[in-house]
Amino acid sequence: MILSSWSKVDWGQAACLFTDTDSFYPEGAGDASATNKVLVKICNNCPIASECAEYAINNEQQGFWGGLSPRDRSDIRKKKNIPEPVYESFLGRDYYGRTMNAATDQ
């Protein structure tokens with residue numbers, strides 16, 4: 001995950017701060033901006049929408065961030081030659097993220 005200037009963003013200013021986070025992960029693979037106008041309205045009135053969008057372009061595959069759907073962000077990545085974010089699987093890891101080996105870790 002890329003963390004640079006985004007760690008300095010005051011996320012407490014987000015217009016969506018008290019919105020149910022499930023709202024930003026609509027079911028189906030469609031364009032979230034076309035299916036949920038409420039999200040667009042929230043993001044359009046957010047003082048940190050551009051920082052949120054920039055963060056998501058670099059770090060998020062799913063969900064609606066900064067007024068952008070997953071498809072929107074993927075299109076931007078392609079145009080700007082930015083690699084798709086890759087999530088590391090937590091399978092085979094303990095609570096602290098350490099790799100576990102069932103044969104040697106007892």
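The model is predicted. A search of the whole structure turns up two aromatic pairs, and Trp11, Tyr55 and Trp65 make up one aromatic cluster.

**The aromatic pairs**

- Across the whole structure there are two aromatic pairs. One of them joins Trp11 and Tyr55 edge-to-face, with 5.9 Å centre to centre and 70° between the planes.
- Trp11 sits in the segment before helix H1 (32–35) and Tyr55 in helix H3, so this pair ties together parts that are 44 residues apart in sequence.
- Trp11 counts as partly exposed because its relative accessibility is 30%, between the 20% and 50% cut-offs.
- Tyr55, at 10% relative accessibility, counts as buried because that is under 20%.
- Tyr55 also pairs with Trp65: the ring centres are 5.5 Å apart and the planes lie at 45°, so this pair is tilted.
- Here, too, distant parts of the chain are linked, with Tyr55 in helix H3 and Trp65 in the loop between H3 and H4, 10 residues apart.
- Both Tyr55 and Trp65 are buried.

- Look for Glu60 in the loop between helix H3 (49–59) and helix H4 (70–80).

Technical notes:
Residues are numbered from 1 along each chain as its sequence is written. This is a predicted model: local features need pLDDT of at least 70, side-chain atom pairs count only at pLDDT 80 or more; totals for chains, interfaces and linings use all residues. Side-chain values use heavy atoms; hydrogens and water are left out. Helices (H or I, at least four residues) and strands (E, at least two) are DSSP runs, numbered from the N terminus. Rings of Phe, Tyr and Trp (its six-membered ring) pair if their centres lie within 6.5 Å; planes under 30 degrees apart count as stacked, over 60 as edge-to-face and the rest as tilted. Buried means under 20% relative accessible area, exposed over 50%, partly exposed in between (1.4 Å probe, protein chains only).
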